[in-house]
Structure formats: structure tokens, C-alpha cells
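Please consider the structure shown below. The paragraphs that follow lead through some of its features, from backbone geometry to pockets.

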Amino acid sequence: MFDNLSEKLDKALHVLKGHGQITEINVAETLKEVRRALLDADVNFKTAKEFTNNVKEKALGQNVLTTLQPGQLMVKLVKDELVELMGGDAEGIDLSGDPSVILMSGLQGSGKTTFSGKLANYLKTKKDKKPLLVACDVYRPAAIDQLHIVGDKIGVEVYSDRENNDPVAISKAGVAHAKSQGLNVVIIDTAGRLAVDKQMMDEIANIHRAIQPQETLFVVDAMTGQDAVNTAKTFNETLDFDGVILTKLDGDTRGGAAISIKSVVNKPIKFIGTGEKMDAIDVFHPDRMADRILG
Ligand code: GDP
């Protein structure tokens with residue numbers, strides 16, 4: 001994960017590590033390289049600039065040049081800033097409803113259906129919940145089949161209605177079904193498109209209005225870098241979602257989406273997907289991610 005970025009940051013910070021004394025020039029050069037590494041990792045330009053400015057300000061504020069181990073302090077400042085940028089503390093999801101309704105949104109191929117299954121499995125096995133998956137993609141019969149396959153894999157019921165082409169009605173019926181069966185979490189998998197379009201956005205906004213979910217999650221493929229951030233922005237303008245799910249972090253991603261998304265849409269990343277299997281899900285911890293990035 002983020003191998004290239006880790007390597008470049010390590011190289012940038014290496015100059016300072018172990019140095020007894022460092023100069024203002026060392027700091028400036030290092031920050032320039034840090035910024036370059038972030039940009040190479042597809043971090044949003046504004047975010048990268050703010051990042052290095054913040055680190056510089058803190059370094060000056062703490063009189064980094066006069067401290068005993070200035071290099072170590074700089075490394076710490078960079079790490080703290082990374083943590084801050086990615087969201088500070090880890091966030092949970094709201095499971096207070098009865099049932100709690102979780103609405104999944106995102107483009108086609110982002111990993112929504114897979115993640116719906118992973119989340120259901122996580123809640124069932126780790127949080128002792130009784131989830132129901134609801135198939136609301138009325139355009140692609142294969143999407144309904146896929147959710148049933150996922151549900152079978154993890155032993156979680158899937159609610160679908162192939163005769164109905166109204167996703168709002170299906171989602172409401174799904175919630176009613178969960179209530180009648182004593183199931184306490186409803187995960188609604190919705191239709192995505194290859195790109196943002198008005199019909200898709202209207203549809204998901206209608207579902208959102210009708211069922212008032214406790215959590216609206218936006219799923220995005222981390223491999224898409226800056227596009228991931230732009231799509232998040234568009235979805236957030238319509239949906240005002242609660243959190244981001246970053247999938248495919250097991251692939252050869254450069255890290256830009258993970259680092260920029262929080263600062264651009266001001267919504268936390270809540271979970272990450274790290275593979276195709278049902279247990280390839282992790283709660284997103286900004287500090288652990290920063291550790292991984294810095295190696
Ligand atoms: P949807 O169209 O948004 O519902 O996306 P899918 O759930 O069908 O996922 C699209 C493809 O991405 C599938 O081939 C999944 O197996 C794959 N996928 C989903 N999440 C992950 C992940 O975290 N890592 C990897 N490597 N593949 C994933």
C-alpha cells in the first residue's frame with residue numbers, strides 16, 4: 001500500500017533523521033520534497049500546499065532548529081499533520097436505530113455491493129448484529145444476483161423484489177421486512193452508474209428522503225485518485241453523506257484519495273476495503289494509516 005509514497009517521504013525525511021543540527025535550508029528542502037511526494041501520489045494540489053505550510057508553521061512555532069533532536073521532531077510533525085489531514089480520531093458508525101439503516105452510494109464498480117456484504121459480515125460477526133441486505137439496483141438484474149451470492153456467502157438474508165422497479169418502494173419494504181423479522185441493521189445497496197448523472201443522484205436522494213438512514217456511506221475506489229475526490233465532492237453536494245468507504249487499498253494505489261478526501265469534503269473515511277474476500281475490511285484509523293504511509 002502506498003509503497004511509492006512511503007519511499008519518497010522516507011527519502012525526503014531521511015536527510016533530517018539522525019541529524020544533530022539542522023538548518024532552515026534543510027527544513028525548507030525537506031518540505032519541498034514532501035510536497036513533491038504528495039503531488040506524485042495524486043494528492044490534491046491545495047491539500048499538499050496546506051500540508052507543507054502547516055508543518056512549516058508548526059516547526060517554526062516549536063523552534064524546531066533549537067531542539068535537541070530536530071530531525072525526529074520534524075518527522076513527528078509530518079506524521080501528526082498526516083493524521084490530522086486524514087481525520088484525526090477513528091470514527092464509528094451509528095447503530096442506534098431500530099433497525100439502523102445504512103444507505104450505500106457510489107459509482108458502478110466502486111465496490112459497493114462487495115462492501116455491503118463485508119459490512120454485513122463485520123456487523124454480524126464482530127458486533128453481534130442481525131443485518132439484512134436490500135438490493136435496490138433495479139436496472140441490472142446481475143446486481144441483484146451478485147448481492148444474493150454475497151448474502152449466501154456470509155449467511156445474511158437478502159431482500160429483493162425483481163417485479164418492482166421503484167427503488168424507493170423496495171428500500172421501504174426492505175426496512176419493513178427487517179422490522180417484521182427482528183433484524184436490527186438494514187444495508188441498502190443502490191444502483192451506481194459509470195459516471196455521475198442526474199437520474200442516479202435524484203434516485204439516491206429520493207431513497208435517502210424516504211428512509212432517513214442513520215448512516216449514508218459513499219463508496220469509492222482508491223485506485224481512481226483525484227477522480228475519487230471529485231466524485232466524492234459531487235455526491236456530497238447532493239447527499240450530504242456521513243462517511244467515506246475507500247475500497248481497493250490492496251491494489252497499487254498511490255495514496256492521493258486516502259490523503260485528500262477528508263480535507264476536500266470534510267467527511268471522515270470510516271472503513272477501508274483491502275481485498276475481494278468478505279473479511280477484507282478494516283476500520284479506518286488515521287494514525288495507523290499515517291504509520292503505514294511513513295513506514
Ligand atoms: P459495485 O458496482 O459498486 O457494486 O462494485 P462491486 O462490489 O461489484 O465491485 C467491483 C469489483 O471490484 C469486483 O470485481 C470486486 O470483487 C472488486 N472489489 C471490491 N472491493 C475490493 C477491494 O477492496 N479490493 C479489491 N482488490 N477488489 C475489490
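Pro 99 is found in the loop that runs between helix H4 (70–86) and strand S1 (100–106); helices (H or I, at least four residues) and strands (E, at least two) are DSSP runs numbered from the N terminus. The peptide bond leading from Asp 98 to Pro 99 is cis, its omega being near 0°. Most peptide bonds are trans, and most residues other than glycine have a negative phi. The model described here is predicted, so local features need pLDDT of at least 70 and side-chain atom pairs count only at pLDDT 80 or more, whereas totals for chains, interfaces and linings use all residues. Residues are numbered from 1 along each chain as its sequence is written, and side-chain values use heavy atoms, with hydrogens and water left out.

Asp 128 is not a glycine, yet its phi is positive, at about 60°. This residue belongs to the loop between H5 and strand S2 (131–135). Asp 128 counts as exposed because its relative accessibility is 69%; here buried means under 20% relative accessible area, exposed over 50%, and partly exposed in between (1.4 Å probe, protein chains only). Asn 266, likewise not a glycine, has a positive phi of about 55°. Its position is in the loop between helix H10 (256–265) and strand S7 (269–273). With a relative accessible area of 55%, Asn 266 is exposed.

The protein chain as a whole contains 11 helices and 8 strands. Its radius of gyration is 21 Å, close to the 19 Å that the globule rule gives for 295 residues, so the chain is as compact as a globular protein of that length. This radius is taken over C-alpha atoms, and the globule rule is 2.2 Å times the number of residues to the power 0.38. Along the principal axes, the C-alpha trace spans about 70 × 40 × 30 Å. Of the 295 residues, 52% count as buried. The accessible surface of the chain comes to about 13700 Å², and carbon and sulfur atoms account for 46% of this area; such areas come from the Shrake-Rupley method with a 1.4 Å probe, and for residues only the protein chains shown count as cover.

How much of the contact in the chain joins residues 24 or more positions apart? Among contacts with a separation of 6 or more, such pairs account for 76%, a contact meaning heavy atoms within 4.5 Å. Leaving aside residues up to four places away in sequence, Val 220 touches Ser 110, Ala 228, Val 244, Ile 245, Leu 246, Thr 247 and Ile 261. Val 220 and Lys 112 are 108 residues apart in sequence, and their C-alpha atoms are 8.1 Å apart in space.

Ser 171 has its place in helix H7 (residues 167–181). It counts as buried because its relative accessibility is 0%. Beyond residues up to four places away in sequence, Ser 171 touches Val 134, Cys 136, Ile 188, Ile 207 and Ile 211. Asp 197, by comparison, is partly exposed, with a relative accessible area of 27%. The loop that holds Asp 197 lies between strand S4 (185–189) and helix H8 (198–211). Asp 197 and Leu 107 are 90 residues apart along the chain, and 9.9 Å separates their C-alpha atoms.

The pockets come last. On a 1 Å grid over the protein atoms alone, a pocket is an open set of points where a 1.4 Å probe fits, with protein on both sides within 12 Å along at least five of seven lines, and lining residues have an atom within 4 Å of a point. The largest pocket holds about 240 Å³ of space. Of its 16 lining residues, Thr 114, Lys 118, Lys 248, Gly 275 and Glu 276 lie nearest its centre. Helix H5 (112–126) and helix H6 (141–154) each supply at least two residues of that lining.

The second largest pocket has a volume of about 160 Å³, a volume being the space filled by probe spheres set on grid points joined across faces, edges and corners. Its lining includes Glu 24, Val 27, Lys 56 and Thr 66.
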